[in-house]
Amino acid sequence: MKTKVLLVEDNQQNAYLINYLLEALGLVVVTVANGREALERVRLESPDLIITDIQLPELDGYELGLALKADPELRTIPLIAATSYAMPGDRQKALAIGFDAYFEKPIDPEDFTNSIRSFIRERDLHCDESSGS
Ligand code: MN
């Protein structure tokens, strides 16, 4: 079974880049554009991992994180924040909510690929070991 990622990103260029990098790792990616859509899709899709932007319309990444971590069925899904415009304290806020990791944008393709691969290994999930460096 391929590892499935729910990607929550409203910026099309970021969504395209992250999709490309995740698919190169052999992952299946489902992309939604805001936190509300993520909450609507998460039970249907049963992702192995959620990667979310923080600044999102309708329901932002922090609100999404709070909702996921308050739900006994959803709180165990590994949750990664990937955000630009990081302010001092954003990382702490994300980790306090229960995010499992926090990546800052702009995304460096090689760093991002290596970080995701390490994260997936730690969680005993599967990806394509040969892609990237
Ligand atoms: Mn955004």
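**Exercises: helix α2 and the manganese site**

Start with this: β1, β2 (28–32), β3 and α3 are among what covers the buried residues of α2, where contact means heavy atoms within 4.5 Å. Helices (H or I, at least four residues) and strands (E, at least two) are DSSP runs, numbered from the N terminus. Heads up: this is a predicted model, where local features need pLDDT of at least 70, side-chain atom pairs count only at pLDDT 80 or more, and totals for chains, interfaces and linings use all residues. Residues are numbered from 1 along each chain as its sequence is written, and side-chain values use heavy atoms, with hydrogens and water left out.

**Exercise 1.** Work out which residues of α2 are buried and which are exposed.

*Solution.* 
- Step 1: Learn the cut-offs: buried is under 20% relative accessible area, exposed is over 50%, and partly exposed lies in between (1.4 Å probe, protein chains only).
- Step 2: In α2 (residues 35–45), pick out G35, A38, V42 and E45 as buried.
- Step 3: These sit on the same side of α2, because their arc around the axis is only 85°, taken from the directions from the helix axis to the C-beta atoms.

**Exercise 2.** Find what coordinates the manganese ion.

*Solution.* 
- Step 1: Look for donors, meaning N, O and S atoms within 2.8 Å of the metal (3.2 Å for Na, K and Ca); water is not among the atoms, so sites may look incomplete.
- Step 2: You get D10 (OD), D53 (OD) and Q55 (O), at 2.0 to 2.2 Å.
- Step 3: Check the burial: D53 is buried at 5% relative accessibility, while D10 is partly exposed at 35%.
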